[in-house]
Amino acid sequence: MEKLKNRFASAIHDGDLDLLMEDGSDGANQQRTAESFIGNLKYLIVGVLFGVVFVKAEIVSWFRIQEMFRFDSFHMFGVMGSALAVGMLSIWLIKKFKISTLSGEEVSIPEKTFNKGQIYGGLLFGFGWAITGACPGPLFAQIGSGFLAVGITLLSAIGGTWVYGWLRSRLPH
Amino acid sequence: MNIIDLIRQPWPWYIAGPLIGLTVPALLLLGNKSFGISSSLRHICAAVIPANISFFKYDWKKESWNLFFVAGITLGGFVANFFLANPNAIVVSPSTQSALASLGVTDFSGLMPSEIFNATNIFSLKGLIFFVFGGFLIGFGTRYAGGCTSGHAIMGLSNLQWASLVATISFMLGGLVCTHFLLPFLLELVS
């Protein structure tokens, strides 16, 4: 008990606990009931559809990302803008009509609170995005489409995530 | 033109964008999941190499839906490329082509420039910069920012989160600075 208390105290001391909860909002699972392997297959199917769109709309292309950062094509801005419009409208509708989930739970979306990491980390990710021509989603789709060398990029991205976790308490947030 | 031929063409933004946007309600309604992809990298760390780091000590199995999701994206990439591939070369804007050509990127036939994204480059300076260094920045940066293009620019902004707007602006700013100032230098270094 004492040990647990100390751990909590030190965690709160360097703001770790708050941050941990904050970061948990990315890709958060708010469902209360647990899901089986079979139950999880529905996310695999959504992923397949999503991956097909990524490749067919050429979002996985290094050239499309270059066009975007050079303001030479509307394509990527159109994709992101219309995706955002549909996402926004859907969340508004879900909240307005209190549409519940498949298992009858109330839809809940954790808030994202501001910290300086969004600026520092955001800038660093922007650099990686322009160099590799990929954000994390397209990385997986590129590997699936046969660009096996991107497997190295993915391994390195996992390594980068690990190094962040390791250095976290020493980084400005 | 039959339907398969139509699907094989590159999809315009007004088809692809709304479909991507629909991922947000699909995941929320299927199982109360917030759309986000970079979190999968964290779960992989937590599952494989937690190394007693507090950031990786949590019940990653509860978040395994995210791993199913990215496995699906990989499979989707396979399906799109091997069954629904565009028979024609990608159309890249002329001004991007000439800008890149002056930097030594001249093969515009595939989705990725073959000069760079080739398995034979893995153990070269090109591989070190474009795979290892670039990948590291993606993993480190997205986690530091608490999300990527999906978690912040689509999910976060859809839910009107200020933090996600800050993150999205930072992503774009980083990409712009890198494209116009660092990338020319990097491409010259490996040419």
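Me: Before we start, how are the residues, chains and ligands labelled?
Reply: Residues count from 1 along each chain as its sequence is written, chains are lettered from A, and ligands are numbered from 1 in the order in which they are written. Since the model is predicted, local features need pLDDT of at least 70 and side-chain atom pairs count only at pLDDT 80 or more, while totals for chains, interfaces and linings use all residues.

Me: What makes residues of chain A and chain B count as in contact, and how many are there?
Reply: Two residues are in contact if their C-beta atoms, placed from the backbone, lie within 7 Å. On that test, 115 residues of chain A are in contact with 119 residues of chain B. Helix 3 of chain A gives the most to the side of chain A that touches chain B, with 17 residues.

Me: What is that side of chain A made of, by class?
Reply: It has 61 nonpolar, 39 polar and 15 charged residues. Here Ala, Val, Leu, Ile, Met, Phe, Trp, Tyr, Cys and Pro are nonpolar, Asp, Glu, Lys and Arg are charged, and the others, Gly among them, are polar.

Me: Why is helix 6 of chain A called oblique to helix 8 of chain B?
Reply: The axes come within 6 Å and cross at roughly 45°. Axes are lines fitted to C-alpha atoms, for helices over the stretch in contact, and angles run from 0 to 180 degrees between N-to-C directions. Under 35 degrees is roughly parallel, over 145 roughly antiparallel, 65 to 115 roughly perpendicular, and the rest oblique. So helix 6 of chain A is oblique to helix 8 of chain B. The contact residues divide into 17 nonpolar, seven polar and no charged.

Me: What is the handedness of that crossing?
Reply: The crossing of helix 6 of chain A and helix 8 of chain B is right-handed.

Me: How many helices and strands does chain B have?
Reply: Chain B has eight helices and zero strands.

Me: Which residues of chain B does UniProt give as "transmembrane region"?
Reply: The unreviewed entry places it at residues 12-30, 65-85, 122-141 and 162-187 of chain B. UniProt annotations may be inferred rather than shown by experiment. In the model, residues 162-187 of chain B are 100% helix and 0% strand, with end C-alpha atoms 35 Å apart. Residues 122-141 of chain B are 85% helix and 0% strand, with ends 22 Å apart.

Me: Where are the domains of chain B?
Reply: Domain 1 covers 1-88 and domain 2 covers 116-191, bounds that come from an automatic or database domain assignment. Their centres, taken over C-alpha atoms, are 18 Å apart, and the contact takes ten residues from domain 1 of chain B and ten residues from domain 2 of chain B.

Notes: Helix = DSSP H or I, 4+ residues; strand = E, 2+ residues; numbered from the N terminus. Left-handed = near helix turned anticlockwise from the far one by under 90°.
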